[in-house]
Amino acid sequence: MLNDQDLLDLARAAAAHAYVPYSHFPVGAALECADGTVFTGCNVENAAYGDTICAERCAVVKAVSEGHVDFAHIAIWGNAQDCCWPCGSCRQVLSEFNKRITVTIGRGDGAFVTMPLTELLPHTFDF
Ligand code: THU
């Protein structure tokens, strides 16, 4: 398994591919599976703003479409002063696959925090 810093470096590199003509706020994600496979993602915006795809869900959809659902760790990076906290929809989508996934969240200056998804999304909806 990659350490936090190495996974975050992959997330930061993935942000270079972000399609962000509206927000000009690139976000990158790197999602590591239990077998060590890593899928990256970036945000992909749309003129119909609500159709924008976040970096985290981009990575999740790439992984699932390639047959991977056993997620262990995700790193997220955005060039912001504060950590690039994942939005509520991305937290919910991650919880679908692993409610305890480890989440590393970076900010523009390279600092980061790591915590379980349970801290970001307690009392997850499920049925
Ligand atoms: N964004 C993400 O990629 N992930 C998040 O968890 C929060 C927001 C993107 C969506 C949009 O392209 C830009 O950040 C500004 O909201």
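# Close-up views of a predicted model

**View 1. Thr37 sits in the loop between strand 1 and strand 2.** The model is predicted: local features need pLDDT of at least 70, side-chain atom pairs count only at pLDDT 80 or more, and totals for chains, interfaces and linings use all residues. Residues are numbered from 1 along each chain as its sequence is written, and side-chain values use heavy atoms, with hydrogens and water left out. Helices (H or I, at least four residues) and strands (E, at least two) are DSSP runs, numbered from the N terminus. Thr37 is partly exposed, at 27% relative accessible area. Here buried means under 20% relative accessible area, exposed means over 50%, and partly exposed lies in between (1.4 Å probe, protein chains only). The side chains of Thr37 and Asp35 make a polar contact of 2.7 Å. A polar contact is a pair of N or O atoms within 3.5 Å; within protein, one must be able to donate a hydrogen and the other to accept it, and residues adjacent in sequence count only if both atoms are side-chain atoms. Leaving out residues up to four places away in sequence, Thr37 touches Leu31, Glu32 and His68. Contact means heavy atoms within 4.5 Å. Phe71 is 34 residues from Thr37 along the chain, yet their C-alpha atoms are separated by 9.4 Å.

**View 2. Helix 1 (residues 4–14) buries Leu7, Leu8, Ala11 and Ala14.** Seen down the axis of helix 1, these buried residues fall within an arc of 115°, so they line one face of the helix. The arc is that of the directions from the helix axis to the C-beta atoms. An α-helix has 3.6 residues a turn, so residues three or four places apart point the same way. The cover over the buried residues of helix 1 includes strand 1 (27–33), strand 2 (38–42), strand 3 (71–78), strand 4 (102–106) and strand 5 (112–116). At the start of helix 1, a side-chain oxygen of Asn3 comes within 3.2 Å of the backbone nitrogen of Gln5.

**View 3. Helix 2 (55–65) has Ala55, Glu56, Cys58, Ala59, Val60 and Ala63 buried.** These buried residues pack against strand 1, strand 2, strand 3 and helix 3. Just after helix 2, Gly67 has a positive phi of about 90°. Glu66 lies in the loop between helix 2 and strand 3. At 56% relative accessibility, Glu66 counts as exposed. Glu66 and Phe39 are 27 residues apart along the chain, with their C-alpha atoms separated by 9.6 Å.

**View 4. In helix 3 (88–97), the buried residues are Cys90, Arg91, Leu94 and Ser95.** Down the axis of helix 3, they fall within an arc of 140°, so they line one face of the helix. Their packing partners are helix 2, strand 3 and helix 4. Ser95 is buried at 2% relative accessible area. Beyond its neighbours within four places in sequence, Ser95 is in contact with Leu117, Leu121 and Thr124.

**View 5. Pro86 lies in the loop between strand 3 and helix 3.** Pro86 is buried, at 2% relative accessibility. Setting aside residues up to four places away in sequence, Pro86 touches Glu56, Ile76, Arg91, Ile105 and Leu120. Pro86 and Ile74 are twelve residues apart in sequence and 11 Å apart in space, C-alpha to C-alpha.

**View 6. The largest pocket has a volume of about 160 Å³.** Its lining has 15 residues, with Val27, Asn43, Cys54, Ala55 and Glu56 nearest its centre. The lining divides into ten nonpolar, three polar and two charged residues. Ala, Val, Leu, Ile, Met, Phe, Trp, Tyr, Cys and Pro count as nonpolar, Asp, Glu, Lys and Arg as charged, and the others, Gly among them, as polar. On a 1 Å grid over the protein atoms alone, a pocket is an open set of points with protein on both sides within 12 Å along at least five of seven lines; lining residues have an atom within 4 Å of a point. Grid points are joined across faces, edges and corners, and the volume is the space filled by probe spheres set on the points.

**View 7. His24 has a positive phi, near 55°, in a residue other than glycine.** His24 lies in the loop between helix 1 and strand 1. At 61% relative accessibility, His24 is exposed.

Note on methods:
1 Å grid on protein atoms, 1.4 Å probe; cavity = no way out; pocket = protein on both sides within 12 Å on 5 of 7 lines; lining within 4 Å.
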